[in-house]
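Look at the charged side chains in the structure below.

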Amino acid sequence: GCKRASSPARPGAPATAPTIVQCPATGCPFDDAGPPRDGGELVVHVEAEPAILCDLVEHDAWSRWIVENQVVETLLYQDPWTGAISPRLAASFDAAADALTLHLRPGVKWHDGQPFSAADVAFTIGRARDPAVGADQRSDFDPVAAVETPDANTVVLRLVRPAPFLKQALAHLSILPEHLYKGKDLRRAEA
């Protein structure tokens, strides 16, 4: 099982020091904690605040995790345990050999009250594909020939070749509000 111990007291440290948990390589068993449950609080120490919250232009593992899961959302969600892809900002999606159609959730709003729309998705993918931006995700969108927005809640990605990892890429692409970022340097823009 897991070895649990209070961390050693440091001069000036609070009386409620954190607990250190050391688990075997096979992981921590749930025998003494009961079955998994929703809720509660997880506190994670990050050495420094992320330099920027736009993961298209600069990120590390922690800032990507923070941005992608706590600050902004992605179109799709990839389960970290199974790898299964499911809808997130997209209510549903249809995959064909030559296109991926995303049907967006209606009624979603940005933090400033502006509506989320297909224009935001097209803008974000366009920025990800722009060589001047230098996004790590750029090559993930190479199979995309065109991004079409037939209405405010639909995005069609036209493909020039098979794109087996496109849904996974969309599960890790934080969507940006076009109305706040259009025409701005993503490294300096405030949202």
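Glu73 and Arg88 form a salt bridge, with 3.7 Å between the closest N and O atoms. A salt bridge here is a side-chain nitrogen of Lys or Arg within 4 Å of a carboxyl oxygen of Asp or Glu. Glu73 sits in the loop between α1 (61-71) and β3 (76-78), and Arg88 in the loop between β4 (85-87) and β5 (90-95), so the pair ties together parts that are 15 residues apart in sequence. Helices (H or I, at least four residues) and strands (E, at least two) are DSSP runs, numbered from the N terminus. Glu73 is partly exposed at 41% relative accessible area, whereas Arg88 is buried at 17%. Buried means under 20% relative accessible area, exposed over 50%, and partly exposed in between (1.4 Å probe, protein chains only).

The model is predicted: local features need pLDDT of at least 70, side-chain atom pairs count only at pLDDT 80 or more, and totals for chains, interfaces and linings use all residues. Residues are numbered from 1 along each chain as its sequence is written, and side-chain values use heavy atoms, leaving out hydrogens and water.

Arg158 and Glu148 also meet in a salt bridge, at 3.2 Å from N to O. This pair links distant parts of the chain, with Arg158 in strand β8 (residues 154-159) and Glu148 in strand β7 (residues 144-151), ten residues apart. Arg158 is partly exposed at 32% relative accessibility, and Glu148 is partly exposed at 32%.

Lys182 forms a salt bridge with Glu178, the closest N and O atoms lying 4.0 Å apart. Lys182 is exposed at 58%, while Glu178 is partly exposed at 22%. By this rule the count is three salt bridges.
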